[in-house]
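Colleague: Please take a close look at one part of this model, the site around the ligand. I would like the contacts, the cover and the surroundings in one account.

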Amino acid sequence: MNATLSHWGIAYPVVEDGRLVAMSPSEDDPNHSHISDNYLDAVHSPMRIEQPMIRRGYLAGDGGAARGEDAFVPTSWEHATRVLAEHMRAIIAESGNEAIFGGSYGWASAGRFHHAQSQIHRFLNLAGGYVRSVNTHSHAAAEVVLPHIIGSQDGMADNQTPWELIVGHTELFVAFGGLPLKNTQVSAGGVSRHRVRDQLRAARASGTRFVNIGPLRDDVDAALDSEWIAPRPNTDVALMLGLAYVLDTEGLANRAFLDSHTVGYGSFRAYLLGETDGVPKTPEWASAITGLSSDLMRDLARRMAKSRTMLSLSWSLQRADHGEQPVWMLVTLAAMLGQIGLPGGGFGTGYAGANRVGNAPLPFSWPAFPQFSNPVRRFIPVARLGDMLEHPGAPFDYNGARHVYPDIRLIWWAGGNPFHHQQDLKRLHRVWKKPDLVVVQEPLWNAIARHADIILPCTLPIERNDLGIAKAEPHLVAMKQVLAPVGQSRNDYDILAMVSSELGFGEQFTEGRNDMDWLRHMYGESVTVAVRHGYNLPDFETFWEMGEHRFEPRIEPKALMQDFRRNPLAHPLPTPSGRIEIRSERVAGFGYDDCPGQPTWFEPAEWLGNAPEGALHLISNQPSRKLHSQLDLGRHSRDGKISGREPARLHPSEAGKRGIRDGDVILVRSARGSCLGGAILSNDVAPGVLQMSTGAWLDLDADGLDRHGNVNVLTLDKPTSRLAQGPTAHTTVVFVEKLKGEAPEVRAFEPPELEYRKLT
Ligand SMILES: Nc1nc2c(c(=O)[nH]1)N[C@H]1C(S)=C(S)[C@@H](COP(=O)(O)OP(=O)(O)OC[C@H]3O[C@@H](n4cnc5c(=O)[nH]c(N)nc54)[C@H](O)[C@@H]3O)O[C@H]1N2
Ligand SMILES: Nc1nc2c(c(=O)[nH]1)N[C@H]1C(S)=C(S)[C@@H](COP(=O)(O)OP(=O)(O)OC[C@H]3O[C@@H](n4cnc5c(=O)[nH]c(N)nc54)[C@H](O)[C@@H]3O)O[C@H]1N2
Ligand SMILES: [Mo]
């Protein structure tokens, strides 16, 4: 059987009579993910886009007025390519390449060659460049602030203290934001073996105690028998300050480590003790903010100091207002415990945020499809998409410099879904009408496709050949095509090769290679890098014939910052001081009132502490049955819906107050918009919280109500701070009631109106 590699694992497609009938699990995977089953009912469905499409209003010259609500006219590849090339040329001639937004953020599909972002960026670079986006939706705040604190992004997604040094070492594992196994189904680029569940259970078996700090009890595997502490969402910094206060005032802080390995503790301490602002950050102070008892904080702080303690922060905490602060405060707290660099101690972010976190990385990186370089310098922080479209020419701050939003006339998206990932989607829907032209490469009739003027329909991974490499795992997969492309859909590569040739740089784009030529070429480069590190791979023909190749890496497990701990003078950190910067003079020098030079508690823009009576804090976490919005129409995803809508979990006491019962359709409102959801009553959700995962395909009715449960119509589109400008999805307050009257039908899985006519 042929294997396919997805961001959620390896599976073996079973095809009968040209139809996909099953996705067989990999026997080699200890904890197979059923997300693969979403290919069923999705690959062949009326929701596949079968041929290129042009929006009706675009053809009539509506200037974007009906974009996102319009009918489409099917056309030929030749016609679509010609129309698009002409318009693109005109925009470049009038406004230059700075008028093109090609950030195109998104996860697309696994596979080294048909990687939509590499493909689109190579194409746009050859076309003269594009405005890009920087940082990720996952951990933008951490990406920007960590280098100021420790000089690199170590411990954010790579180079964490590996499981081998947690199992048998960590006595107390304190997980801010939990360790949700649902998220370990996934890793960008692919997963070979899902090993996090077993690693965590091995730690428990060897004596590790787990503390789950967060709004959901089931964010930690029940088998770990963890303690559950549920502070008010977005108040973790106050909790950490309360813990720090106990450590400092009870003589439990490791002064020797602070003296030898950090700078700025004195300045932080003045804030902690209230010397600078008159407010000592006592457990009682933290109690009023977090809703937790001060005794609990005292007890936890003492246990942390007594044990080998790992402090873990889920990325979700920094996808919140002032998201830089929990990261900075986490490192500060770990520095006070003085166990950074020791096996089982210190800090890490993203444990259980993806399967690869905690895997010791290979000592080399695999080759990627080359993108050339981008002559356009202008960029936006990834989450500032709505601001960019709404305020062209306006200035914005980012990490110590001032920049200006470009005036975008052409948006080109391939492999991402901003109508999934962006906050405040009703605003995005409104400002998305401003550019002259929107081009989208997408396999399915989801909201990003519907927000295009020209749609170039593309294949799914099992409809093409690719090279799969589970990035942090030594496993290469020959992803062989098992199905013919649906309709006239084409590979992203072939689409862009065709447009390149229309624009006159086809040869440069393809370098004369077809897809198999590229796979052979990229595989050859993989062999070269692997050999350099002492790993022999078979030649391409043998590999392709065998279908998979796995090798055992020889990697010495290393604790995060191990060398620096042993000898900070010989192995200084790449910070200005060479040490951990509890205070950063550089950040202080930026003069940002929303991100000063040391960890600080800020009241979030929206939280239970300032919300009106009856409000619930929305936790829009990652979906367990799919990856983001991908294949939401697939079998496994649909099986989890309640009355066809996104499940919305809340505590029975909150449901009782509102007359909501299990299975009811509920109306969820925020200051931005409203959507429907399907109620689940659960004692695993803290009172005061509504948990509704992301990923339901957008389904706005004429009044702007989302019938299906896309949480990003509710969320707040505010930057974390002027430092990182990261997204703040987890800072959102909502109001919930039982829907009155009959629930409207969900229309998310119905294709738009198509108007067949001859276009030339
Ligand atoms: N409220 C809230 N919002 C969030 C988050 C949150 O926690 N809360 N999390 C954020 C995070 S961490 C992330 S990473 C983002 C994720 O946001 P995205 O990465 O944008 O989400 P996906 O649904 O993975 O989008 C991928 C798109 O690519 C398409 N696709 C798949 N394969 C291919 C291909 O081969 N070629 C092409 N052209 N297209 C393909 C899919 O159909 C889909 O439309 O969402 C963010 N949004
Ligand atoms: N199945 C599946 N797995 C995925 C993904 C997916 O779409 N599907 N997406 C992947 C991606 S792109 C990413 S970036 C990672 C994201 O990984 P995370 O950022 O860890 O993901 P979330 O699921 O948003 O949040 C995890 C938990 O944090 C808790 N939390 C939220 N806010 C707070 C808070 O203020 N305080 C505390 N203490 N806890 C809080 C919530 O209980 C929530 O369930 O997941 C990856 N894994
Ligand atoms: Mo992410």
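Modeller: The side chain of Gln-622 places an N or O atom 3.3 Å from an oxygen atom of ligand 1. That is a polar contact (a pair of N or O atoms within 3.5 Å). Gln-630 has a side-chain N or O atom 2.8 Å from an oxygen atom of ligand 1. Ser-620 faces a nitrogen atom of ligand 1 instead, with a polar side-chain atom at 2.9 Å. The protein buries 98% of the 930 Å² that ligand 1 exposes when taken alone. These areas are accessible areas (Shrake-Rupley method, 1.4 Å probe).

The elements giving two or more residues to the shell are α13 (418–421) and β18 (437–442). Both kinds of element are DSSP runs: helices are H or I with at least four residues, strands are E with at least two.

In total, 32 residues surround ligand 1. To be near, a residue needs a heavy atom within 4 Å. The closest are Ser-109, His-421, Glu-442, Asp-492 and Ser-629. By type, the shell has seven nonpolar, 21 polar and four charged residues. Gly counts as polar here; Asp, Glu, Lys and Arg count as charged.

Domain 1 (4–134 + 367–383 + 401–470 + 475–550) and domain 3 (616–738) each supply at least three shell residues. Those bounds come from an automatic or database assignment.

The model is predicted: local features need pLDDT of at least 70, side-chain atom pairs pLDDT 80 or more, while totals for chains, interfaces and linings use all residues. Residues are numbered from 1 along each chain as written, chains are lettered from A and ligands numbered from 1 in written order, and side-chain values use heavy atoms, without hydrogens or water.

Conventions:
Polar contact = N/O pair within 3.5 Å; in protein donor to acceptor, adjacent residues only side chain to side chain.
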